[in-house]
Amino acid sequence: MSDDSRPSPAQVRAETGPHTGVAAVIPAAGRGVRLGPGAPKALRTLNGTPMLIHAVRALAASRHVTLVVVVAPPDGAPEVKSLLDAHALPGGTPSGSWGSTDFLVVPGGESRQESVKLGLDALPPGHDVVLVHDAARPLVPVDTVDAVIEAVRDGARAVVPALPLADTVKEVEPAATPGDPEPVVATPARARLRAVQTPQGFDRDTLVRAHETVTDDVTDDASMVEQLGLQVVTVPGHEEAFKVTRPLDLVLAEAVLARRRLNDGF
Ligand code: CTP
Ligand code: MG
């Protein structure tokens with residue numbers, strides 16, 4: 001569906017009744033150290049288009065998402081704003097919007113947690129559901145985004161897309177020097193483990209409270225909600241929602257895009 005045939009935020013609100021819009025915070029302020037030298041990870045390209053643009057498109061593809069807050073590298077907010085405008089404008093929409101989805105850009109922080117908090121601080125009122133989505137997961141399918149939103153609207157306060165693991169996981173006593181042998185401490189039953197992805201979806205007040213309360217280092221937002229003693233639930237994730245972390249992931253991401261183009265051709 002082309003951007004200009006999509007309903008306006010007001011039409012979406014009218015159709016979805018009492019719900020207010022869903023806002024998505026996209027942390028994109030990381031350097032991408034594990035990807036190796038180069039531009040900040042979110043600005044690295046997949047088939048010529050920055051990963052961040054793929055990620056914003058993936059979330060804006062959901063008719064429920066009316067606002068995207070992009071958390072840019074600390075000194076890169078103006079560049080990211082122009083990038084978003086440049087990729088949105090061909091759709092004929094005014095600066096600061098993308099089809100029926102508005103966007104804001106704010107500078108990020110030192111840690112992912114801090115970046116997400118800065119994005120949340122910038123959220124205007126009127127969004128009762130908030131998604132947090134890594135720019136580093138540029139290819140998440142819209143059905144996964146919508147499944148997360150639906151579960152929050154059905155009453156869950158925190159929802160994570162999750163997949164069973166292929167590998168067995170060991171808990172170890174980490175070695176002081178990377179590469180040294182590490183004693184294995186335990187082997188959790190694989191059938192009970194899940195690898196979690198983003199977007200993670202939240203009732204807004206719950207997520208804001210979690211970010212105000214929890215100060216421990218965490219690697220995802222749902223674990224902060226767990227620390228408040230609240231229930232987090234999973235919905236099925238998707239293999240295409242993998243996180244681009246290491247160089248091989250760039251190859252995989254471009255292969256996924258090539259497969260999509262091929263499928264679109266038929
Ligand atoms: N992120 C962020 N602010 C930070 C660190 C990370 O917004 N200070 C974002 C990244 O841009 C990414 C997401 O959090 O979209 C997930 O983090 P990760 O995959 O670890 O990305 P990087 O931190 O950039 O990568 P690395 O850890 O390899 O440096
Ligand atoms: Mg990181």
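A pocket, on a 1 Å grid over the protein atoms alone, is an open set of points with protein on both sides within 12 Å along at least five of seven lines. The exercises below concern a predicted model.

**Exercise 1. The ligand site**

State which pocket ligand 1 takes up, and describe the shell of residues around ligand 1.

Solution. 
1. Ligand 1 takes up the space of the largest pocket.
2. Around ligand 1 there are 18 residues, of which P27, G32, V33, R34 and S115 come nearest.
3. By class, the shell holds 7 charged, 6 nonpolar and 5 polar residues.

**Exercise 2. Polar contacts and burial of the ligand**

Solution. 

**Exercise 3. The loop between β2 and β3**

Locate N47 and G48, and decide whether each is buried, partly exposed or exposed.

Solution. 
1. The loop between β2 (45–46) and β3 (49–50) contains G48, and N47 lies in the loop between β2 and β3 as well.
2. Exposed means over 50% relative accessible area, buried under 20%, and partly exposed in between.
3. G48 has a relative accessibility of 60%, so G48 counts as exposed.
4. N47 is partly exposed because its relative accessible area is 36%.
5. N47 is not a glycine, yet has a positive phi of about 50°.
6. Most residues other than glycine have a negative phi.
7. The C-alpha atoms of G48 and E254 are 9.9 Å apart, while the two residues are 206 apart in sequence.

**Exercise 4. A cis peptide bond**

Identify the residues joined by a cis peptide bond, and place P199 in the chain.

Solution. 
1. The bond between T198 and P199 is cis, with omega about 5°.
2. P199 is in the loop between β11 (194–196) and β12 (200–203).
3. Most peptide bonds are trans.

**Exercise 5. Helix α2**

Explain why helix α2 (residues 51–60) is described as largely enclosed by the rest of the structure.

Solution. 
1. The buried residues of α2 are M51, L52, I53, H54, A55, V56, A58, L59 and A60.
2. These make up 9 of the 10 residues of α2, so the helix is largely enclosed by the rest of the structure.

Definitions and conventions:
Residues numbered from 1 in each chain as written. Chains lettered and ligands numbered in written order. Predicted model: local features only at pLDDT ≥ 70, side-chain atom pairs only at ≥ 80, totals over all residues. Heavy atoms only, no water. Near = heavy atom within 4 Å. 1 Å grid on protein atoms, 1.4 Å probe; cavity = no way out; pocket = protein on both sides within 12 Å on 5 of 7 lines; lining within 4 Å. Sits in = over half its atoms within 2 Å of the grid points. Nonpolar A, V, L, I, M, F, W, Y, C, P; charged D, E, K, R; others polar. Helix = DSSP H or I, 4+ residues; strand = E, 2+ residues; numbered from the N terminus. Buried < 20%, exposed > 50% of the residue type's maximum accessible area, 1.4 Å probe, protein only.
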